[in-house]
Amino acid sequence: MARAQGARAQMALAFETVYGTPPAGGFTKMPFASTTLGAEQPLLNSELLGYGRDPLAPIKDAVTADGDVVVPLDAEAFGFWLKAAFGAPSTSGTGPWTHEFQSGSWTLPSLSIETGMPEVPRYAMYSGCVLDQLSWQMQRSGLLTGTARLVAQGETVGTSSSAGTPAALELKRFGHFNGSITRNGTALGNVVSADITYANNLDRIETIRSDGRIDGADPSIAALTGSIEVRFADQTLVTQAINGEACEMEFAYVLPSGESFTFTVHAVYLPRPRIEISGPQGVQVTFDWQAARDSVVGRMCTATLVNDMETY
């Protein structure tokens with residue numbers, strides 16, 4: 001008897017034309033490290049009396065379908081998650097192509113994502129997936145991955161794949177070694193680690209339906225937050241925090257072959273931190289920053305991906 005193994009799991013993704021309706025084709029095989037994407041339907045205990053001490057049968061509650069997907073930051077596949085987070089990019093060039101994703105769109109695309117365990121077999125299609133949050137961490141070493149948090153409409157389970165033969169991508173993965181951080185165009189030194197989180201803050205449309213599913217997920221006011229941990233070497237960041245000024249920060253990765261990913265936050269505000277001396281080691285300070293719309297650029301952030309894919 002075959003048993004499910006994560007090593008054989010697979011994932012395919014495609015953007016939907018109609019929300020909640022999986023497309024007939026156009027799926028792409030996606031690299032991923034793990035996923036909690038799934039649907040659950042809790043049971044409600046009966047509150048009725050008069051039938052003795054033993055309870056009556058429970059009834060089903062509404063269906064909730066959501067979860068996280070941990071993915072690598074790479075030159076091609078990560079663009080699908082950026083499109084889900086920000087909407088379709090503006091593409092230029094003749095190869096390599098430059099894809100520019102901008103924050104602020106009121107309309108986000110929905111996706112259909114299929115996860116498969118062929119040895120069972122079990123293929124789960126999650127339709128109406130909208131990206132709620134995208135986050136990743138920068139540090140000196142380790143594997144570079146990001147987390148995409150999704151809100152889905154529902155789950156359909158079958159014994160065969162509905163994604164057909166998904167297109168395969170060439171995996172060109174970024175590493176922490178390829179990363180850099182700049183502040184107002186100048187390299188920001190003494191950074192130990194950094195966290196970046198972009199959230200669409202989705203509002204689930206929970207209307208009354210016979211199938212218990214949601215009607216959609218609309219984006220509300222977006223949020224871009226994070227933290228940077230630095231070795232305390234000068235007063236530059238502290239002075240900015242005290243003055244209440246904004247700066248532009250750029251988090252970038254560049255491969256030797258030319259592919260790159262640049263995430264530019266146009267207006268970063270820093271809080272005044274507590275500076276502690278906890279021992280004889282170096283003093284480290286953490287700034288939990290927040291981003292806002294820049295009045296000159298007209299948006300909060302821009303994600304630029306340069307690769308060999310012509311379109312997303």
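Good morning. A residue is called buried when its relative accessible area is under 20%, exposed when it is over 50%, and partly exposed in between, computed with a 1.4 Å probe on protein chains only. By that definition, buried residues make up 44% of the 312 residues in this protein chain.

The model is predicted, so local features need pLDDT of at least 70 and side-chain atom pairs count only at pLDDT 80 or more, while totals for chains, interfaces and linings use all residues. Residues are numbered from 1 along each chain as its sequence is written, and side-chain values use heavy atoms, with hydrogens and water left out.

I begin with the overall fold. The chain has two helices and 23 strands; these are DSSP runs numbered from the N terminus, helices being H or I of at least four residues and strands E of at least two. The C-alpha trace spans about 70 × 55 × 40 Å along its principal axes. Contact here means heavy atoms within 4.5 Å. Of the contacts with a separation of 6 or more, 70% join residues 24 or more positions apart.

Next, the interior. A nonpolar core is a set of buried Ala, Val, Leu, Ile, Met, Phe, Trp, Tyr and Cys residues joined through side-chain atoms within 4.5 Å. The largest such core holds 64 residues, and the members that touch the most others are Trp-81, Leu-224, Phe-251, Phe-261, Phe-263 and Trp-289. Apart from this core lies another, of six residues, among them Val-130, Val-151, Leu-202 and Ala-217. Beyond its neighbours within four places in sequence, Phe-261 is in contact with residues including Leu-73, Trp-136, Phe-174, Phe-251 and Leu-305.

I turn to the aromatic residues. Rings of Phe, Tyr and Trp (its six-membered ring) pair if their centres lie within 6.5 Å; planes under 30 degrees apart count as stacked, over 60 as edge-to-face and the rest as tilted. The whole structure contains 12 aromatic pairs. One of them, Phe-80 with Tyr-312, is edge-to-face, at 5.2 Å centre to centre and 85° between the planes. This pair links distant parts of the chain, 232 residues apart: Phe-80 belongs to helix 1 (residues 78-86), and Tyr-312 to the segment after strand 23 (301-307). Phe-80 is buried, because its relative accessible area is 8%, and Tyr-312 counts as buried at 12%.

Phe-251 and Trp-289 are stacked, because their ring centres are 6.1 Å apart and their planes meet at 20°. Phe-251 lies in strand 20 (residues 246-254) and Trp-289 in strand 22 (residues 284-291), 38 residues apart. Both are buried.

Where is Ala-4 found? Ala-4 is in the segment before strand 1 (10-15), and counts as partly exposed because its relative accessibility is 44%. Ala-4 is 116 residues from Val-120 in sequence, yet their C-alpha atoms are 6.0 Å apart. Leaving aside neighbours within four places, Ala-4 is in contact with Met-117, Glu-119 and Val-120.

Phe-32 lies in the loop between strand 2 (28-29) and strand 3 (34-35), and is partly exposed because its relative accessibility is 24%. Phe-32 and Pro-72 are 40 residues apart in sequence and 6.5 Å apart in space, C-alpha to C-alpha. Thank you.
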